[in-house]
Amino acid sequence: MTVTGSDIWLLSPELSLALLALLVIGLDLVVKRRSVVAITALLGLAIPAGFTFALATNLPNPHQAFFNMLTVDEYSLFFKLLFLLIGAVMILVSYDYINKYVRSAGEFYALLLLSVTGMMLMASTTELISIYISLELTSIPLYIMAGLLRGDDRSAEAAVKYVLLGAMSSAILLYGFAFLYGLTGTTSLDGIATATLKSGFAGGNILLLLANVFVLAGFGFKISAVPFHNWAPDIYEGAPTPATAFYSVGSKAAGFAALFRVFVDANIALPNGTTIVMLISVIAILTMTLGNVVAIVQSNVKRMMAYSSIGQAGYILVGFAASVGSGTPGGIASAMFFLFVYVLTNLGAFAGIIALGHALGSENIRDFNGLRFRNGWLAVGTSICLLSLAGVPPMAGFFAKFVLFASAWQQGLTWLVVIGVLNSLVSMGYYGYLVYAMFVKEPHKEGHISSTRPLNLALAISSVGIIVVTILTSVLLDQANIGAQGLAAFLGH
Amino acid sequence: MQTQFNALLTIIVFLPALGAIGLFLVPPKRTAWAKWGAAVVTAVVFVLTLALYFGQAWDNTSINNLRWVDFSPWINIHLGGNFDFKVDYFLGADGLSLPMIILNGLLSFLAVIGSWHIEKRTKDYMALILLLETGVMGVFSALDLILFFLFWEVELIPMFLLIAVWGGLRREYAAWKFLLYTLFGSSIMLAGILLLYFDQGALHNGAYTANMVLLSSPDHQISGFFSLGGFQIGAQLLAFILIFTGFAVKIPMFPFHTWLPDAHTEAPTAVSVLLAGVLLKMGAYGLIRICLGFFPVGAHDIAWWLGGLAAINILYGAGVSMIQGDMKKMIAYSSVSHMGYVLLGVAAAAGVAADPNLLAFRQAALTGAALQMFTHGSITGLLFFCVGVVYEKAHTREIDIFGGITKRMPKLATMFSIACLASLGLPALSGFVAEYLVFTGSFPIWTTWTILGAFGIVLTAGYLLWMLKRAFYGPLNPKWAALPDASTLEMVPLISLVAVILLFGIFPGLLVSIIQPSVSQILTTMVAVIH
């Protein structure tokens, strides 16, 4: 039982990222200038990114490390690059806000990087206990980030709520894991898959079903699926806006990465297939519908985005249901592509919201009125992101949704697709309203709203990225597809 | 298919969008730059669309025999579970699309000229007109169904903003209504496209394609039945109805028409021109190209109903026009009526089974429908421009407030009268040819509907001439003693469109010879499929 060089090489992205986090927090103690800390964090990301690219271009064989606890495959590499992108854009997005409102800037970046480390591990770990540990590594920094606005009651409330609910969801998840261990005698996903196939669960098993439900519930909290969504709006509203942006993309994408991994690699849905697909479909419908309908009536943009991100999670669950139901990777591949586009788009939309909040000090939907006159480029960039979230062609969001719904349709989940399309129409109500407010309504006040350079850069990355992704759909979707197919050679064992 | 690039259509489609981005870079104070920029871009695009026509011979074009093809594979992924996601970048023109591409080029240019007086947020306005042009060009030249849908939706946001910002008093209501109706239609259309895509792929062992050339050939058409709640519906009929819902909203067909009068009345003049001139035609074009071309059996099943709806459209639109007090609203409803002729022509083409004696009639009807798309676009465009000039000078469009203003506006009244005469189908003006072809063609096939529809011509003559009499002729209402005539700039679009109407009224063969081969191919497929 020794650790080999190959293990370290496979872990190198996460290792370097964790070291970078420590460097950043140390640097914060000795360097006065905050920009130095932020730039170190941003440029430092090139190192884990370089390792990830090196692994991706030349995937070592065997690609398992630490006694099969860690698996570096195309699936995890796809997510790792996505998380690194999130990290980089997040640093750009949060720089000005953190400088203005948060006293401990270095801590924020370090927490961010640690959380990203956890996310990268969540996509890569293939053993129940490691999955749980990486989940906590992801979550604990998130709890702290929620409370970083010292002296703000709502921020403190958000942090406390987040810790309590997060701990509860972790407990539920652990309970499910315990069931799995009890039933199969192993914590390795591969071992569980073999055991569920071999030991006569074929006709369904109530304990296994319970384990499925608990695991779904535990991750359901992370991805804010109904009925585990209640935390999201309050915490999104109370937390510092950059932290909110991070929850809406990072926590969600990582939750999905691990959820897909557990369900597919451990194959736990197989013995009760029909029931589980029905369950996921119902959750998907509730999540889409509640998220989109409630988003319409919000007056605070952060709350609106919270509900909108709940709705978006519902769409992703549609792809998940398609894959679990059919045992084919199409649904998860399209869900991965959807997640990529969603992350890019949501970060852009948040960049716009933060720029506005930074200039005006509030985040009401009213503040968007007439933004076109007050800062044209900000309005155009934010609109592109919002329209992409709504799935309006030719933005990338359309193809993402199209592929997702098409693969669900192909698996016979027609009714799920119909509800999804109707929900997309509903979502035009609030995304479209913001665009309408920006371009049609008269502004309350005159005067230019200035945005800062990092925010502009983040918004430009997102809005140009959306157009580029549309053109490069084939390339990205291909990568997602390879990743999804590699997931336990897709239930083929 | 091989990758090939003539590039001309690609330039025509994307040049306006590049122009729109360019306009955004114009400094805020320089509104004149924005106007000139838009005028230059649209003029160049119009010249390029003419180059499409003059650059190649147009005899015998059809969807199997395209001109100016740009083809390149775009997305092609095997997503497991027997699902291929395949989209090609495929543009091309045939006799059905070329007239509409040229018309869009012309009307977009004239719309920019006709909007020269716009002072409110000029830069945004011009940029949105250019974006709109890109969307419409894309719809008429896309030959991959999913690409077609992408372009179909591009028009949505610019049109919404153009109505919502530069419209009349109830502009926001009208814009939202337009948006909701269109979104409703296009999401049902998307369901139909998915149905077609998967059903077609399943029938051909997973050879998924959205290539419109393939989809219109008999061996790639879908067949069989779907069971919906215990009752059977033909796959072609179901797909026809789903996809047609999207087109029906756009055409607009009764009962999906109610967004149109609001949108037209509130939109600024040039936007109304584009809306009536080319955007409605997107629906008619889709009906012929996609619904008729891909689902001949479904179209055949529903043809009687379509004929009936066409007659309702014609009579209802004309009847409601009769009682309008607002000139612009009257013309908006007249569009509903005139688009009914297109529906009638299509219904006749899809009508009876293979009776060789009637094939010539069906061909005439469909040619008439395709021609009507072009002629109605130019005539309604002219009418809306005329009303725009009247409104610009008098700040009202109430017919009864005017009276005898010909004496003050002789130039405008001449143009307006020509437009009305063309609209009511006077021979030697282009409207006559299209309507004549539609009615002659459909008479032996849907006799009752044709007879009913023909009353529409009488009603059209009624409301247009009555309006002319009340507003323009008779004794001059002293209130308008100081009304100025149309300026030279305002006359540019009017004269151009009158020239187009005269040209194709006298030489309809120019267009008919282009349209006919494309139309024949659709009918040949139909005859081959329906026994």
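User: How many helices and strands are there in chain B?

Analyst: Helices (H or I, at least four residues) and strands (E, at least two) are DSSP runs, numbered from the N terminus. Chain B has 19 helices and 5 strands. This is a predicted model, where local features need pLDDT of at least 70, side-chain atom pairs count only at pLDDT 80 or more, and totals for chains, interfaces and linings use all residues. Residues are numbered from 1 along each chain as its sequence is written, while chains are lettered from A and ligands numbered from 1 in the order in which they are written.

User: Why is chain B described as compact?

Analyst: The radius of gyration is taken over C-alpha atoms, and the globule rule is 2.2 Å times the number of residues to the power 0.38. For chain B the radius is 22 Å, close to the 24 Å that the rule gives for 531 residues, so the chain is as compact as a globular protein of that length. Its C-alpha atoms fill a box of roughly 75 × 55 × 45 Å along the principal axes.

User: In what order do the strands of the open sheet in chain B stand?

Analyst: Strands of a sheet pair through backbone hydrogen bonds, either parallel or antiparallel. Two strands count as paired if DSSP finds at least two bridges between them. Here 3 strands of chain B form an open sheet in the order β1-β2-β3, with antiparallel pairing. β1 (4-5) and β3 (84-93) of chain B are at the edges with a single partner strand each, so one side of each has no neighbour in the sheet.

User: How many bridges join β2(B) and β3(B)?

Analyst: Strand β2 (residues 67-78) of chain B pairs with β3(B) over 9 bridges, in the antiparallel sense. Pro73(B) has Asp88(B) in β3(B) as its bridge partner.
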